[in-house]
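Hi there,

Here is the structure I promised to pass on to you.

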Amino acid sequence: MSKPYEKETICVQSGWKPKNGEPRVLPIYQSTTFKYETSEQMGRLFDLEESGYFYSRLANPTSDCVAQKICELEGGVAAMLTSSGQAANYYAVFNICEAGGHVVLSSTVYGGTFNLLTVTMKKMGIEVTVVDPDAPYEELCKAFQPNTRCVMAESIANPALVVLDFEKFARAAHEHQVPLIVDNTFPTPINCNPFLWGADIVTHSTTKYMDGHAMSLGGAIVDSGNFDWSAYPDKFPGLCTPDESYHGIVYTERFGKAAYITKASAQLMRDLGSAQAPMNAFLLNVGLETLPLRMERHCYNAQRVAEFLEQHEKVAWVNYPGLPGSRYYGLAQKYMPKGTCGVISFGLKGGRRAAEEMMDKLSLAAIVTHVADARTCVLHPASHTHRQMNDEQLKEAGVAPDLIRLSVGIENVADIIADLEQAL
Ligand code: PLP
């Protein structure tokens, strides 16, 4: 067997494989629906007896090609796209955890994910126990209950930049017979592959580095195929017992390693409808082609900027996992030796007021509710993305009131540093 392609090659060549005379570039199948010769054929598609496209809420060829590329990059067995990262995280959990279930959640996850689970999914009857990602193993294990269905964490937390101890989390999840779901948005599969360290499901906000140009919202879910759902039918009845809405199909029996993604796309996407538009999938694919080049530059620039900030007299603290003084330097070196991401958090000696004043003086770096794209940008999470949290929740999420989140872009690093210098 020939050697599998490296990630740089996958980014450019995978997904769309044109046949003789077909377009070289992934076409945008801008069609909600697909034509069939016989009604019987269409019926078989509805019963999942045959694979094929019939309605773009369930599947679309453009989106599927891009999902395939992301699947290969993560080293998974099946993947799907969603309309946003929020939808990806929602589906990833809800696919295996229904009313009466319980989730163990890392406290430092993105504010939107925290809210999704602890407020909205709580209303759906799902319980959550929030854990400190740095807690010792024994402490972590205390969070599990008989009705726990999954553990959820981020490989690099937004914005606390906590690097996940993957092996500790995977061991705790598997010891309690549930999968580990990891949101791998910040390092991207270029810098980190959570499946290598025991994660079972990976999610992405493709809106961030993968798209990379702040053009299109999107999400992705990838299954490693490693978690044996059928070993725990009482915990995962949705996968292991008949689905009445598909004439009694049992996903694990019919689809094997693709059971989890098939259920999420055939059932959740059918009923909840957060499909990624073909145009967005096309733009995402363009972004993915240059992802390795951009991640390298993001990491190079962020390292220089973090070093600059660390020695500046007005800066109180800098958090970047690439700095040898960082608490997460060791974990970052182990799990992401090529680099982490372009996001840095820091605080000023003048506190929250000085932070806001400094941000207003920036000219190259823009204040935007976004992170992880080609242009340098800043945000004050306590006033923006995390403003729904109280002081205690902010502390647990690793968000200090003076924390500035700086997303270092791919411009010339000297220009980024000059902008910060004049603003400081
Ligand atoms: N996960 C992480 C780590 C994020 O940073 C975000 C958004 O910032 C999301 C999920 C949500 O993604 P989206 O904005 O695409 O819905």
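P159 sits in the loop between β4 (148-154) and α7 (166-175); helices (H or I, at least four residues) and strands (E, at least two) are DSSP runs, numbered from the N terminus. The peptide bond leading from N158 to P159 is cis, with omega near 5 degrees. The loop between β4 and α7 also holds L161, whose phi is near 60 degrees, a positive value in a residue other than glycine. For background, most residues other than glycine have a negative phi, and most peptide bonds are trans.

Before you go further: this is a predicted model, where local features need pLDDT of at least 70 and side-chain atom pairs count only at pLDDT 80 or more, while totals for chains, interfaces and linings use all residues. Residues are numbered from 1 along each chain as its sequence is written, and side-chain values use heavy atoms, with hydrogens and water left out.

Now to the ligand. Polar contacts here are pairs of N or O atoms within 3.5 Å. The side chain of N158 has an N or O atom 2.8 Å from an oxygen atom of the ligand, and a polar side-chain atom of K208 lies 2.7 Å from a ligand oxygen. D183 has a side-chain N or O atom 2.6 Å from a nitrogen atom of the ligand. Taken alone the ligand exposes 390 Å², of which the protein buries 91% (Shrake-Rupley method, 1.4 Å probe).

Two helix pairs are also worth a look. The axes (lines fitted to C-alpha atoms over the stretch in contact, with angles from 0 to 180 degrees between N-to-C directions) of α4 (residues 85-94) and α11 (residues 259-272) come within 10 Å and cross at roughly 115 degrees. Contact (heavy atoms within 4.5 Å) is made by Y90, Y91, A92 and F94 of α4 with Y260, A264, L268, M269 and L272 of α11. By class, that is nine nonpolar, no polar and no charged residues (Ala, Val, Leu, Ile, Met, Phe, Trp, Tyr, Cys and Pro count as nonpolar, Asp, Glu, Lys and Arg as charged, the others as polar).

For α3 (residues 61-74) and α12 (residues 278-289), the axes come within 8 Å and cross at roughly 35 degrees. Their contact residues divide into eight nonpolar, three polar and two charged.

Best wishes

Methods: Polar contact = N/O pair within 3.5 Å; in protein donor to acceptor, adjacent residues only side chain to side chain.
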